[in-house]
Amino acid sequence: MAIVINMPQLSDTMTEGVVAKWHIKIGDVVTEGLLLAEIETDKATLDFESFPGQEGELLYIGTKEGEAAPVNSILAIIGEKGEDISALLTASAASESPVESKPSKEAAPAKVVSAPVAPVTPAPAALAASASTGRIKASPLAKSLAADKGLNLAGIVGSGEGGRIVKRDIEVAAAAPIVASPAVAQNYPSSGYIDTPVSQMRKVIASRLGESKFSAPHFYVSMSIDMGAAMASRSLLNAESAVKISFNDMVVKAVAKSLKKHPAVNSSWLGDVIRTNFDVHVGIAVAVEDGLLVPVVRHADAKSLSDISTEVKSFAQRARDKQLQPQDWEGNTFTISNLGMFGVEDFTAIINPPDACILAIGGIQSVPVVKDGEIVPGHVMKVTLSCDHRAVDGATGAAFLNSLKAFLESPVTMLL
């Protein structure tokens, strides 16, 4: 009997997936635990393996590379060699409702238009990279698109983290493929425009944050924090610790301790009830190729600064490498968004559902401050708390910020 492999739901918010790459082809034998494909979800590109009982020859591929398909639609069919699966395909098509079939019909035009994908040999750039001492850094999806379009990665300069070649670089190169030299930054067209297909991640960001902004009544509470003591404490810690502590790590710890004191801020609006969370799971917004991911530091209040630093660094690297798993980004009760490293002084952030609050962190600014009646050099960081007024009131948000300020202005108290 033939076995249908459906498009999996790899995250709680995933409604459709894109096949970034197939690792098998028609006629290959599928065994338990075999890597079948790379699936681009709304949050990351994840490896998809065959489950126990899914064994046989690959007879049919329902979703080609670069195509989108709704969750639970036919991804592939395996069975005995030569088995007739026409009746299975007919029955599956007949059982799909218009609502279910509509996304797959509309999703295809949103992707890069290309010829049907056939098995390809490794791109010349990939072969050259493996044979040399240098390594061309490119995302899996960028490599796949480059191979489909016959582009040499060695001739493309990436705009991603650390010069990494990402999807948009391939699309620009395909539209204007002539580049003076690999050593010269890629030239964008001087006129006209380029249409970049909306990724699964960007679609969900637009949907969830749009819903949050226009359904949750936001209000904002801002405060300036003297970071002089935090800077001195960080220098002392980093002189002794093998794990280097960042200011963001200190903020995460201070936020977690403050949430334990003010659990009303660590809450969620659920319509009929307000859920007050006593476990502190802090989400850290991390910029990636197509948008943002929010990996979660669980029980952050009980973790040391070294533990938080190690975990956040691991999350950031795995997010950029698209290696995060669903359990890494689910279950946050509060979110932090830090743009201080980009020179931003202050900003407001949109609440990340289901949280009731999000904290926007600006950079530490060297400014004159008044101490003991005298103007002296100081280091000030501005923070803004965005609150869902349905769950959190102004006085509650202000009390939380006062606790945060107290912890950061006297860091030793975070260790108590």
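This briefing walks through one protein chain, from its overall make-up to a few individual residues.

The structure is a predicted model, in which local features need pLDDT of at least 70 and side-chain atom pairs count only at pLDDT 80 or more, while totals for chains, interfaces and linings use all residues. Residues are numbered from 1 along each chain as its sequence is written, and side-chain values use heavy atoms, with hydrogens and water left out. The protein chain contains 11 helices and 18 strands; helices (H or I, at least four residues) and strands (E, at least two) are DSSP runs, numbered from the N terminus.

**The chain as a whole**

- The protein chain has 416 residues, and 44% of them count as buried; buried means under 20% relative accessible area, exposed over 50%, and partly exposed in between (1.4 Å probe, protein chains only).
- Among contacts between residues at least 6 apart in sequence, 64% join residues at least 24 apart; a contact means heavy atoms within 4.5 Å.

**The sheet E5-E4-E2-E7**

- Strands of a sheet pair through backbone hydrogen bonds, either parallel or antiparallel.
- Here four strands make an open sheet in the order E5-E4-E2-E7, with antiparallel pairing; two strands pair if DSSP finds at least two bridges between them.
- At the edges are strand E5 (45-49) and strand E7 (68-70), each of which pairs on one side only.
- On average, neighbouring strands of this sheet are turned by 40 degrees against each other, direction ignored; the axes are lines fitted to C-alpha atoms, for helices over the stretch in contact, and angles run from 0 to 180 degrees between N-to-C directions.
- Strand E4 (residues 35-40) is joined to E5 by five bridges in the antiparallel sense, and Ala37 stands opposite Phe48 in E5.
- Strand E2 (residues 16-22) is mostly covered, with six of its seven residues buried.
- E2 runs antiparallel to E4, with four bridges between them; Val18 stands opposite Glu40 in E4.
- E2 also runs antiparallel to E7, joined by three bridges, and Gly17 has Ala69 in E7 as its bridge partner.

**The sheet E1-E8-E6-E3**

- Another open sheet has four strands in the order E1-E8-E6-E3, and its pairing is antiparallel.
- Strand E1 (3-6) and strand E3 (29-30) stand at the edges with a single partner strand each, so one side of each is left without a neighbour in the sheet.
- Four bridges link E1 with E8 in an antiparallel arrangement, and Val4 stands opposite Ile77 in E8.

**Where helices H8 and H9 meet**

- The axes of helix H8 (residues 247-261) and helix H9 (residues 305-320) come within 9 Å and cross at roughly 115 degrees.
- This crossing of H8 and H9 is right-handed; a crossing is left-handed if the near helix is turned anticlockwise from the far one by less than a right angle, and right-handed if clockwise.
- From H8, Asn248, Asp249, Met250, Val252 and Lys253 meet Leu305, Ile308, Ser309, Val312 and Lys313 in H9.
- By class, the contact of H8 with H9 has five nonpolar, two polar and three charged residues; Ala, Val, Leu, Ile, Met, Phe, Trp, Tyr, Cys and Pro count as nonpolar, Asp, Glu, Lys and Arg as charged, and the others, Gly among them, as polar.
- Gln317 also lies in helix H9 and counts as partly exposed, at 40% relative accessibility.
- Gln317 and Val288 are 29 residues apart along the chain, and their C-alpha atoms are separated by 9.8 Å.

**Backbone details to look for**

- Most residues other than glycine have a negative phi, and most peptide bonds are trans.
- Asn72 is not a glycine, yet it has a positive phi of about 80 degrees.
- Asn72 sits in the loop between E7 and strand E8 (74-79), and it is exposed, with a relative accessible area of 57%.
- Asp372, also a residue other than glycine, has a positive phi near 55 degrees.
- Asp372 belongs to the loop between E17 and strand E18 (374-388) and is exposed, with a relative accessible area of 82%.
- The peptide bond from Pro353 to Pro354 is cis, with omega near 10 degrees, and Pro354 is found in the loop between strand E16 (334-338) and strand E17 (357-371).
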